[in-house]
Amino acid sequence: LANDFVHRSTNIAKIIIAELSIPNNLKTIHCAEWIPLSNVYIVQGIYLKLATDLIEMKKQSSSLKGMTAYFNCHTQNGLHVPLVNMIDYRGFRVLATSYVPVSDSSLRYGYDKKDGIYVIESLVTGKKMKKAAEKLKIRGKLIDGNATPFYGPEDIECHYGSDGLYYILSTSNVFPNEPNMNYHHRLRPELVSRSDVDIPRDVCLDNEGSEDVIALTNELYNRIIPQFANKWTIFFNNNDPECRNFKKYHFPTSTCRRYKCKASGLCKKKFIKFDVEAYPFK
């Protein structure tokens, strides 16, 4: 089923992107009429959101990371996420999600946009969200005068579907921003999961007020990246020629993922010897 979803959504996304430059009356797939100017398509039970600028692309990438994080929580009889596929094609990005049986009235946890209040069902949903928060290092906080802590970013939604399952939606803000950085300049989930303290998930753009986020960011740039660069230097300065065979020698995946690809330039500058600079980035 998952493979079929990936295949189908990829083909649909490529058609949408390929037809962007032709008139609407000649397109085979049209935007959802009830969501004007939103670049949203609903085809064969698949919800597709087209991103045409960098901010939207980063938001979709953050949303995918958030859903993956909740999926990896493996809470027993707990939270579910829809099937998700992110397609990059011809400079555009499409995030495809499967249909889930939810509605405006099915919200059990999160911000109700219609009434302008936070819904916190503490008996069932609250326990599931708290259990997931413990694994994701999410700090609960009191919000809108509620006596029950709210676990998760302020815009997250948990719905009780008509099939009896709980679905997590709106996950683009699960992981915190780096301090004083642009929107969706997020910390890696592998780094956050190794934190010794729970991290607040505020929707604010910079997280200036979070000492824990600042400390974690400093650890990334002042300890993890230099340590990673030093390991690469030792690795490639080894006299054994087999050390340069990437198919045989690899660093642990968790080590590579804890620093982001966008930090590769900074990592490269920290190499001790010039002759090894090019190898990890070929």
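# Chatting through a predicted model

Author: Let's start with Asp112, a residue of strand 6. Keep in mind as we go that this is a predicted model.

Reader: Thanks! Is Asp112 buried or exposed?

Author: Asp112 has a relative accessible area of 14%. Buried means under 20%, so Asp112 counts as buried.

Reader: And what is Asp112 in contact with, sequence neighbours aside?

Author: Leaving aside neighbours within four places in sequence, Asp112 is in contact with Leu107, Ile117 and Val119.

Reader: How far apart are Asp112 and Glu157?

Author: In sequence they are 45 residues apart, and in space 8.6 Å, going from C-alpha to C-alpha.

Reader: Which residue is the bridge partner of Glu157 in strand 9?

Author: That is Leu169. Strand 8 and strand 9 run antiparallel and are joined by four bridges.

Reader: Nice. What order do the strands take in the five-stranded sheet?

Author: The order is 3-9-8-6-7, in an open sheet with mixed pairing. Strand 3 and strand 7 are the edge strands, and each of them pairs on one side only. Helix 3 packs on this sheet, where it touches strand 3, strand 6, strand 8 and strand 9. The direction of helix 3 makes about 75° with that of strand 6.

Reader: Let's stay on helix 3, then. Which of its residues are buried?

Author: They are Thr125, Gly126, Lys128, Met129, Ala132, Ala133 and Leu136. Looking down the axis of helix 3, these buried residues fall within an arc of 160°, so they line one face of the helix.

Reader: Why would residues three or four places apart point the same way?

Author: An α-helix has 3.6 residues a turn, so residues with that spacing point the same way.

Reader: Which exposed residues does the face turned away from the buried side of helix 3 carry?

Author: That face carries Lys127 and Glu134.

Reader: And what covers the buried residues of helix 3?

Author: The cover includes helix 2 and helix 4, along with strand 3, strand 6, strand 8 and strand 9.

Reader: How does the length of helix 3 work out?

Author: Helix 3 has twelve residues, 125–136, and at 1.5 Å a residue they should span 16 Å. The end C-alpha atoms are 16 Å apart, which agrees.

Reader: What comes just after helix 3?

Author: Lys137 does, with a positive phi of about 60°. Lys137 sits in the loop between helix 3 and strand 8.

Reader: What about Ser170, where is that one found?

Author: Ser170 is in the loop between strand 9 and helix 4. Its phi is also positive, about 60°, although Ser170 is not a glycine. With 30% relative accessibility, Ser170 counts as partly exposed.

Reader: Switching topic: how many residues does the largest nonpolar core have?

Author: It has 29 residues. Those with the most contacts inside it are Tyr70, Leu79, Tyr109, Met129, Phe150, Cys158 and Ile168. Helix 5 gives the most to this core, with five residues. As background, nonpolar side chains tend to be buried together in soluble globular proteins.

Reader: Which residues is Ile168 in contact with?

Author: Beyond its neighbours within four places in sequence, the contacts of Ile168 include Tyr70, Leu79, Val81, Met129, Ile156 and Cys158. Apart from this core lies another core, of 14 residues, among them Ile12, Ala13, Ile29 and Leu48.

Reader: What is the order of the strands in the four-stranded sheet?

Author: The order is 1-2-5-4, an open sheet with antiparallel pairing. Strand 1 and strand 4 stand at the edges with a single partner strand each, so one side of each is left without a neighbour in the sheet. From one strand to the next, the twist averages 20°. Strand 4 pairs with strand 5 over six bridges, and Met86 stands opposite Leu95 of strand 5.

Reader: Which strands does helix 1 touch as it packs on that sheet?

Author: Helix 1 touches strand 1, strand 2, strand 4 and strand 5, and its direction makes about 35° with that of strand 4. Helix 2 packs on the sheet too, touching strand 2, strand 4 and strand 5.

Reader: Last one: which residues of helix 1 are buried?

Author: Phe5, Ser9, Thr10, Ile12, Ala13, Ile16 and Ile17 are the buried ones.

Technical notes
Residues are numbered from 1 along each chain as its sequence is written. This is a predicted model: local features need pLDDT of at least 70, side-chain atom pairs count only at pLDDT 80 or more; totals for chains, interfaces and linings use all residues. Side-chain values use heavy atoms; hydrogens and water are left out. Helices (H or I, at least four residues) and strands (E, at least two) are DSSP runs, numbered from the N terminus. The expected span of a helix is 1.5 Å times one less than its number of residues. Buried means under 20% relative accessible area, exposed over 50%, partly exposed in between (1.4 Å probe, protein chains only). The arc is that of the directions from the helix axis to the C-beta atoms. Contact means heavy atoms within 4.5 Å. Two strands pair if DSSP finds at least two bridges between them. Axes are lines fitted to C-alpha atoms, for helices over the stretch in contact, and angles run from 0 to 180 degrees between N-to-C directions. A nonpolar core is a set of buried Ala, Val, Leu, Ile, Met, Phe, Trp, Tyr and Cys residues joined through side-chain atoms within 4.5 Å.
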